[in-house]
Amino acid sequence: MQNQISVQHYVAAFGKRVILKDVSFSIPSGQLTVVLGENGAGKTTLIKAILNAYLQPKSAADEVNGIEVSTKKLAYVPQFRDLGSDYPLSLAAFVGLAIRQKGWPFLTKKEKGRVQEALALVDLTDLKDLPLSKASGGQKQRAYIAQALAQNPDLLILDEPTAALDAKHSQEVVSQIRNAQQKKGMGVLWISHDTSWVKDFSDNYLWLHDGQAEFGSVDSLPDAARSIHQEEVNDVN
Amino acid sequence: MLTEAYMQHAFLAGTIIAVVSALVGTFVVARSYNFLTHSLSEIAFAGAALGFWLGFAPLLGMMIATASSALAIGALENAKVKSDNVTSAISAMAIGLGILFLALGNSSSTAATGILFGSVLGISMGDIALLALMAAVVIGLIFILFRPLSLLAFDEAGLLLSERKKGLLRVAFLLIMALSVAISSQLVGSLLIFVLVTLPAASARTYQKSVAGLIALAVFFALFGTWAGLALAYLTNLPTSVFIALIEVAIYLLSLALAKLD
């Protein structure tokens, strides 16, 4: 199977503090991989490095800091978005914004179809005309995911998309993304604190701990990785 | 009214200015750059005063001053320097320099009033040609950059570009803003720049839910205010900017009230 992301001897450090020490792994295409790890383990740092490698102009080496991203179209859902309380665009207009980042100003008929399809995948068809500022937290999160899906990515990267949601809405988003991933056959790299759904809805895990990266099938997910979320919940309590 | 050449010129210039201001204003308001627009208009004042002193077209002076300031502000923004305070310092300096240039050029108070409050009723066909050229540049740039600019203004987090390309886009947007401020100053003056650049776009946000819809309604509000303002100025012999300002503020307050009721 072809790899969508290949990382060789990658090091991440802030000053003298080393976050990831010489890590190497490969992420296969067309599968859902969950990135697990405690706060400060380097999850967001790693994702940003992958995005950076994807966004750099492609050279003969096609590799940035030991990271090679072999994908035509990557879409990214960041953890935070500050759109303001009077944000005027509807859910459909918001989803259509990023469908293409250059070219003819107006959406083509085909692109409008992709917006509708993406909204349907996250169950927002009925709310397409609602201003995003009036949507609930869960609806907003689903609109962010729909915006990424409408770009028809072969690789979708999500940074804790369910962090601000309650258990019920979180479960809905997880199953909708899994559904979209299987339907479109795209790769998904998903940073998550919540490990409760990982066994049932993902293919692989990438566990960042003690400066190392451990990749494997979810069937062999170590108990220590699975308990991250529980420990953090206990810490809060 | 429309049989007189100076009013034909004023309507033609007013139409060009209203369209460009509202178009750019839609992105300015979405990106919350209202304050920066005001600062650029003060910088435009200094540029125009420099033109009076050195004997070249005030519009050209405005364009050079605003564009170079936009480049400086863009560099600061890309260097992640918090630029609000720096922008305040630059605009204070611009006003000071503007007053100095007017004094050095022994310019009449009419010249200063023209820059500060607009003077579209005396506009020549030559000035209109220059306005039209600048407007074409702004509209052309927005047409080419529409998709990335829409993302930059309405959802910067969704703009997946390398830092270098993002930086270039930010600077391009600031240059578009700078040109539109110089254009808009011709009608409402540099003191009332909010009137055409930000108010119509801010009012449109109550009614429209797409970028194209916001632009269309902002252009409509700006044109309505401009045409009605010119007609009222003709009938009352009072300055045009007074009426345009009052009409645009009234539209904005009504939109705000409707938004609260919703």
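This is a predicted model: local features need pLDDT of at least 70, side-chain atom pairs count only at pLDDT 80 or more; totals for chains, interfaces and linings use all residues.

The questions below go from the interface between the chains to single residues.

Me: How much area is buried between chain B and chain A?
Reply: The size of an interface is often given as the accessible area lost when the parts come together. Here 22 residues of chain B are in contact with 34 residues of chain A. Carbon and sulfur atoms give 60% of the buried area, and the area itself is about 2,200 Å².

Me: Which residues of chain B lose the most area to chain A?
Reply: Between chain B and chain A, about 2,200 Å² is buried. On the side of chain B, three residues together account for 38% of what that side buries. They are B:Arg147, B:Leu160 and B:Lys209.

Me: Which helix of chain B gives the largest share of the side that touches chain A?
Reply: Across the interface, eleven residue pairs are in polar contact, both residues being at pLDDT 80 or more. Helix 6 (125–144), helix 7 (146–154) and helix 11 (211–236) of chain B each supply at least two residues of the side that touches chain A. The largest share is six residues, and it comes from helix 7.

Me: How many residues on the side of chain B that touches chain A are nonpolar?
Reply: By class, this side of chain B has five polar and five charged residues. The nonpolar residues there number twelve.

Me: Which residue of chain B forms a salt bridge with A:Arg81?
Reply: The rule finds three salt bridges across the interface of chain B and chain A. A:Arg81 lies in the loop between strand 5 (74–77) and helix 2 (91–97) of chain A, and its contacts include B:Ala157 and B:Gly158. The salt bridge has an N to O distance of 2.9 Å, and the partner is B:Asp155.

Me: Is A:Arg81 buried or exposed?
Reply: The side chain of A:Arg81 also makes a polar contact of 2.9 Å with the side chain of A:Gln147. Its relative accessibility is 14%, and under 20% counts as buried. So A:Arg81 is buried.

Me: Why does the salt bridge of A:Arg142 and A:Glu172 tie together parts that are apart in sequence?
Reply: The closest N and O atoms of A:Arg142 and A:Glu172 are 3.8 Å apart. A:Arg142 lies in helix 4 of chain A and A:Glu172 in helix 5, so the pair joins parts whose separation in sequence is 30 residues.

Me: What is the relative accessible area of B:Thr226?
Reply: B:Thr226 is in helix 11 of chain B, and its side chain reaches the backbone oxygen of B:Ala222 at 2.7 Å. Among its contacts beyond four places in sequence are B:Gly14, B:Leu187 and B:Glu248. B:Thr226 is buried, and its relative accessible area is 0%.

Me: How far apart are the C-alpha atoms of B:His9 and B:Met125?
Reply: B:His9 is in helix 1 (residues 5–30) of chain B, and it touches B:Ile123, B:Ser124, B:Met125 and B:Ile128. B:His9 and B:Met125 are 116 residues apart along the chain, but their C-alpha atoms are separated by 6.9 Å.

Me: Is A:Glu160 buried or exposed?
Reply: Most residues other than glycine have a negative phi. A:Glu160 has a positive phi near 45° and lies in the loop between strand 6 (155–159) and helix 5 (167–184) of chain A. At 12% relative accessibility, A:Glu160 is buried.

Me: How far apart are the end C-alpha atoms of residues 6–30 of chain B?
Reply: An unreviewed UniProt entry lists residues 6–30 of chain B among those given as "transmembrane region". In the model, this span is 100% helix and 0% strand, and its end C-alpha atoms lie apart by 36 Å.

Conventions. Residues are numbered from 1 along each chain as its sequence is written. Chains are lettered from A and ligands numbered from 1 in the order in which they are written. Side-chain values use heavy atoms; hydrogens and water are left out. Contact means heavy atoms within 4.5 Å. Buried area is the accessible area (1.4 Å probe) that two parts lose on being put together, summed over both. A salt bridge is a side-chain nitrogen of Lys or Arg within 4 Å of a carboxyl oxygen of Asp or Glu. A polar contact is a pair of N or O atoms within 3.5 Å; within protein, one must be able to donate a hydrogen and the other to accept it, and residues adjacent in sequence count only if both atoms are side-chain atoms. Helices (H or I, at least four residues) and strands (E, at least two) are DSSP runs, numbered from the N terminus. Ala, Val, Leu, Ile, Met, Phe, Trp, Tyr, Cys and Pro count as nonpolar, Asp, Glu, Lys and Arg as charged, and the others, Gly among them, as polar. UniProt positions are given in the numbering used here, feature names are shortened, and annotations may be inferred rather than shown by experiment. Buried means under 20% relative accessible area, exposed over 50%, partly exposed in between (1.4 Å probe, protein chains only).
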